[in-house]
Amino acid sequence: MTKQSPRLILSSASARRVRLLGEAGAQFDSIVPEVDESDCSASVRDTVMKNARLKGEWALARFPDCAIVSADTAIEFEDSLIGKPKDLLMAREHLRAFSGRTHNVLTGISCLHPGREPYRDAAVSTVKFRELSEEMISHYFSLVDPLDKAGSYDIGSHGETIIEEYTGSLSNIIGLPMELVTPWLVDTGYIS
């Protein structure tokens, strides 16, 4: 980070986003945004873009001299938005529905920097699930807590047990598309 770069804040509760941003080499603080994530009726892309913007604006209102990175991830499946499950029963329903099928993972990002125009974008990746038995779902849940994850799974944690293949950005599926964020971090001097 250059001396003139303001403090960088990740406005996210996701440990996966913290890990990805740290692996990129950025020095930052993480805060948990207190926003009501909404479901826009227009599209999943509109929803993740709006929620990423809201998380960034929440942080900026509290830290106006800081740079802010925020993101929101959701799944588009059969023309519906799938977010985080409310409970284990819903998580199990998600994986049953995904079994043997394909869905899209969308992440919206918002990158704010004092004196610059906001940078906002979204990434889309495709995930195909294996055919899952009830035993496979139970085994996966014994390894991974599905409750804080869009779609009730984490590709980076035992994902090979339930996922057959994916196309597009892996970091997007994890929750922070570094292909979009890294150029902004370089441009603003947080990484070289």
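This is a predicted model: local features need pLDDT of at least 70, side-chain atom pairs count only at pLDDT 80 or more; totals for chains, interfaces and linings use all residues.
Local features rest on pLDDT of at least 70 and side-chain atom pairs on pLDDT 80 or more, while totals for chains, interfaces and linings use all residues. Residues are numbered from 1 along each chain as its sequence is written, and side-chain values use heavy atoms, without hydrogens and water.

**View 1. Helices H3 and H4 pack against each other.**
H3 covers residues 88-98 and H4 residues 134-143; helices are DSSP runs of at least four residues, numbered from the N terminus. Their axes are 11 Å apart and form an angle of about 125 degrees. Leu88, Ala91, Arg92, Leu95 and Arg96 of H3 meet Glu134, Ile137, Ser138, Tyr140 and Phe141 of H4, where contact means heavy atoms within 4.5 Å.

**View 2. Leu185 sits in the largest nonpolar core.**
A nonpolar core joins buried Ala, Val, Leu, Ile, Met, Phe, Trp, Tyr and Cys residues through side-chain atoms within 4.5 Å. This core has 39 residues, and Leu95, Phe129, Tyr153, Leu176 and Leu185 touch the most other members. Beyond its neighbours within four places in sequence, Leu185 contacts Leu8, Leu21, Ala24, Met178, Tyr190 and Ile191. A second, separate core of seven residues includes Ile9, Ala59, Cys66 and Leu112.

**View 3. Ser133 lies in the loop between strand E6 and H4.**
Strand E6 spans 119-129. Ser133 counts as partly exposed because its relative accessibility is 28% (buried is under 20%, exposed over 50%, with a 1.4 Å probe and protein chains only). Ser133 and Arg96 are 37 residues apart in sequence, with their C-alpha atoms 8.2 Å apart in space.

How values were computed:
Axes are lines fitted to C-alpha atoms, for helices over the stretch in contact, and angles run from 0 to 180 degrees between N-to-C directions. Helices (H or I, at least four residues) and strands (E, at least two) are DSSP runs, numbered from the N terminus.
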